[in-house]
Amino acid sequence: MKARIFPLLLCLMLLCGCGAGSQPSAPYETTVDGQAVTIDTEAQTVTCGADVYLYDYAVLSGGYTLTVTYPNGETATVEYVGMDPSGSDTPEGDYLDVLSLSWAIEDANDNPDGEAASHRVAGILVMGLGAVCIAFPRFFWYLGWGWRYKGAEPSEVALTAERAGGVVLALVGLLLCLAG
């Protein structure tokens, strides 16, 4: 019984620490209408020189809607359903075009975080499988070999090999979490 508690506690600590190192997403830098802009998807701002644009980005089924508040307080809305944009015009003045802004904001929202989240989920699943393999090596031996032979029992070497496989799975899961 005590031999099973340590591996379970070790795997539980690894699982709990998996998301602890995640950092907030970095601002996305690109050009819009030939001007350098920085898009902060967490604060939902676009900075172009001294101008700061606020935006609200909402995903719809089959598209998205974007409302941009310009530095002068006016707003413009773009809605994409499929490939057809519709919405209001860019306010008067030397401001970035609302359609160009919408494309850049869509790129920033599609950028890196989706892959990182899927890596973390995959890492947690692989670590969980490794933990179960460490805790119940006889079950995994039976899945691999025991069902083939009537009345067979695994040797200590076979059980140790199953546990080592669980440790490898847990480490691969940890690496997936850290890569995400």
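Predicted model: local features only at pLDDT ≥ 70, side-chain atom pairs only at ≥ 80, totals over all residues.
Residues are numbered from 1 along each chain as its sequence is written, and side-chain values use heavy atoms, with hydrogens and water left out.

Now the layout. The chain has five helices and seven strands, where helices (H or I, at least four residues) and strands (E, at least two) are DSSP runs numbered from the N terminus. Their order from the N terminus is α-β-β-β-β-β-β-β-α-α-α-α.

On to the inside. Of the 180 residues, 28% are buried, that is, under 20% relative accessible area with a 1.4 Å probe and protein chains only; over 50% is exposed, and in between is partly exposed. The largest nonpolar core has 21 residues, and I39, V46, Y53, Y55 and V68 touch the most other members. By nonpolar core I mean buried Ala, Val, Leu, Ile, Met, Phe, Trp, Tyr and Cys residues joined through side-chain atoms within 4.5 Å. Which elements supply at least two residues each? They are strand 2 (35-40), strand 3 (45-48), strand 4 (51-60), strand 5 (63-69), strand 6 (75-81) and helix 2 (98-110). Helix 2 gives the most, with five residues. Take V46: beyond its neighbours within four places in sequence, its contacts include I39, Y53, Y55, L101 and I105.

Now the salt bridges, each a side-chain nitrogen of Lys or Arg within 4 Å of a carboxyl oxygen of Asp or Glu. The count is one, and it joins the side chains of R138 and E153 at 2.9 Å, N to O. R138 sits in helix 4 (137-144) and E153 in the loop between helix 4 and helix 5 (156-179), so the pair ties together parts 15 residues apart in sequence. R138 is partly exposed at 41% relative accessible area, whereas E153 is exposed at 61%.

Last stop, F136, in the loop between helix 3 (113-135) and helix 4. Is F136 buried or partly exposed? With 40% relative accessibility, F136 counts as partly exposed. Thanks, everyone!

How values were computed: Contact = heavy atoms within 4.5 Å.
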